[in-house]
Amino acid sequence: MSSAGEGLSRPLPEQVRLHVVELAAQVLGTMQPPAIPAPLRSIARFDPRKRARLGSAPIAAQLETDKEFREIVAEATAEAWPELVASLEEGNVPPAAEPVLVAAAAYLTRPPGWPGLVEAARADIEQAAAVAEETAQEQTVQRLREELAAQKTAAKQEADRLREQLKTSRTEVADLRRRLHDARERGKRAEERAAEAEAQAQEARAAVAAATGAAESELRKLRERLADAERRLLAGRRAAREGRSIEDARLRVLLDSLQDAAAGLRAELGLPVAISKPADSVDAVTPARPSVRAVPARALADDDPALLDQLLAIPHLHLIVDGYNVTKTGYPALTLVDQRARLLGGLGGLAVQTRAEVTCVFDGAELNGPVQVSAPRGVRVLFSEPGEIADDLIRQLVRAEPPGRAVAVVSTDREVADSVRRMGARPVPAVLLLRRLGRA
């Protein structure tokens, strides 16, 4: 708010301006609507608590430019503070009057020399503000000093606590180091004891091996003595049969006693009753048992059913059939249900004729649930689990058989044939089984 035209060289102090606006806002609420200045009519309709805050700038401007409105507010001020206004008219300022009220009354009523009164009030306000600021600063300094003292005390307490914790931690570290040293010593002693136990075990195994060798040597000697005694016994029996003299009879009695003693010794030593025959000690090549690898096939075609007949003639043969591989080779136009039924019917007749163990494997990796299949007698029907193909199930079946068992796998899959051949099984083309079943 500038008042240079009225004698003020500077705007009113902010506190004075707010007080003047507050007085004008109160007066504005008591005026009749026609008497209210046009710029302030909308503000006059505000709530009394919001009128001075929301209309501060328009009210101050109206007081500055509208002399009539300012005089109305001055009259209300004279009614509110008659003694203060009268003293100002006389050029006196009450000693106990507040500078803000003095400046506000002087500005509104405009007594002689009012700019000087406003400036004097400004000086008092600024001095009071400086004193208040100095007091606040002193209070702030005092508060900061108190906080600093409190922080120093807290820091000292925290330092003492940390020192105590450090002392405790050092004690714990020393204890842990001592325990670690003791544990290492115990571990070292345990390793030494383990090494000693291992050495003792080695000595014990050597002693057992030596004792075993000695026992085997003694056993060989006893067997030799037993064999000599048996030879003497046989000689004595021959002499008795030939009717020798009484001395020979006595010798027979002696040999019988020796035989009884040998029998008792054999029972005591746990010797086997049967003794290896001389022919068993001769090195020679014994004939091999029938197997799937020994079946001749040079004179037979891969699709000749006679080759499968030779395999089925092997005792205890396990015939594993890759189901869909065979059906899709022989009759792919049929549905899967009809393919399974036709193949299983043929395998059932083959199992009855040959008495071979027959397992038919179907791929169940993409099935949503179990499939109902009527398996013929003598035929085992298996489906691979979800996520597993029939080839893997076939390999598991071959791997489950003991070494030496005759196993034949019917499949035209080259990878399956190579893998089962490495495991000792005989791969058979699917067309071979189809021709054999067609012949039946």
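Trainee: Which residues does H318 touch, leaving out those up to four places away in sequence?

Mentor: This is a predicted model, so keep that in mind as we go. In it, H318 touches E357, T359, R380, E401, R405, A406, V407 and A408.

Trainee: And where does H318 lie? Is H318 buried or exposed?

Mentor: H318 lies in strand β1. Its relative accessibility is 2%, so H318 counts as buried, the cut-off for that being under 20%.

Trainee: Two of those neighbours, R380 and E357, carry charges I'd like to look at. How far apart are their closest N and O atoms?

Mentor: They are 2.9 Å apart, and R380 forms a salt bridge with E357.

Trainee: How accessible is R380, and how accessible is E357?

Mentor: R380 has 37% relative accessibility and counts as partly exposed. E357 is partly exposed too, with a relative accessible area of 26%.

Trainee: How many salt bridges does the count come to?

Mentor: The count comes to 16. Among them, R163 and D160 meet through their side chains at 2.9 Å, N to O. Both residues lie in helix α8, residues 114–241, three residues apart, about one turn of the helix.

Trainee: Is R163 buried or exposed? And what about D160?

Mentor: R163 has a relative accessible area of 55%, so R163 is exposed. D160, at 35% relative accessibility, counts as partly exposed.

Trainee: What are the N to O distance and the partners in the salt bridge of R205?

Mentor: The side chain of R205 meets that of E198 at 3.4 Å. R205 counts as partly exposed at 45% relative accessibility, and E198 is partly exposed with a relative accessible area of 41%.

Trainee: Which residues are linked in a network of salt bridges?

Mentor: D175, R178, R179 and D182 are linked in one.

Trainee: Changing topic, back to the strands. Which strands pair with β4?

Mentor: Strand β1, residues 318–322, pairs with β4 in the parallel sense over four bridges. Strand β5, residues 426–428, also pairs with β4 in the parallel sense, over three bridges.

Trainee: What handedness does the unit of β4, α14 and β5 have?

Mentor: That β-α-β unit is right-handed, with helix α14 covering residues 414–422.

Trainee: Which residues of helix α13 are buried, and what covers them?

Mentor: In α13, residues 390–400, the buried ones are A390, D391, L393, I394, R395, L397 and V398. Their cover includes β1, β2, β3, β4 and α14.

Trainee: Last topic, helix packing. At what angle do α1 and α4 cross?

Mentor: The axes of α1, residues 14–30, and α4, residues 56–65, cross at roughly 90° and come within 9 Å. That makes α1 roughly perpendicular to α4. The contact is made by R17, V20, V21, A24 and A25 of α1 with S56, I59, A60 and L63 of α4.

Trainee: And at what angle do α11 and α12 pack?

Mentor: Helix α11, residues 323–330, and helix α12, residues 336–354, pack at about 100°, with their axes 10 Å apart. So α11 is roughly perpendicular to α12. On the α11 side the contact is made by G323, Y324, V326, T327 and K328, and on the α12 side by L336, Q339, R340 and L343.

Methods
Residues numbered from 1 in each chain as written. Predicted model: local features only at pLDDT ≥ 70, side-chain atom pairs only at ≥ 80, totals over all residues. Heavy atoms only, no water. Pairing = 2+ DSSP bridges. Helix = DSSP H or I, 4+ residues; strand = E, 2+ residues; numbered from the N terminus. Right-handed = clockwise from strand over helix to strand, strands pointing away. Salt bridge = Lys/Arg side-chain N within 4 Å of Asp/Glu carboxyl O. Buried < 20%, exposed > 50% of the residue type's maximum accessible area, 1.4 Å probe, protein only. Contact = heavy atoms within 4.5 Å. Axes fitted to C-alpha atoms, helices over the stretch in contact; angles between N-to-C directions. Parallel < 35°, antiparallel > 145°, perpendicular 65-115°, else oblique.
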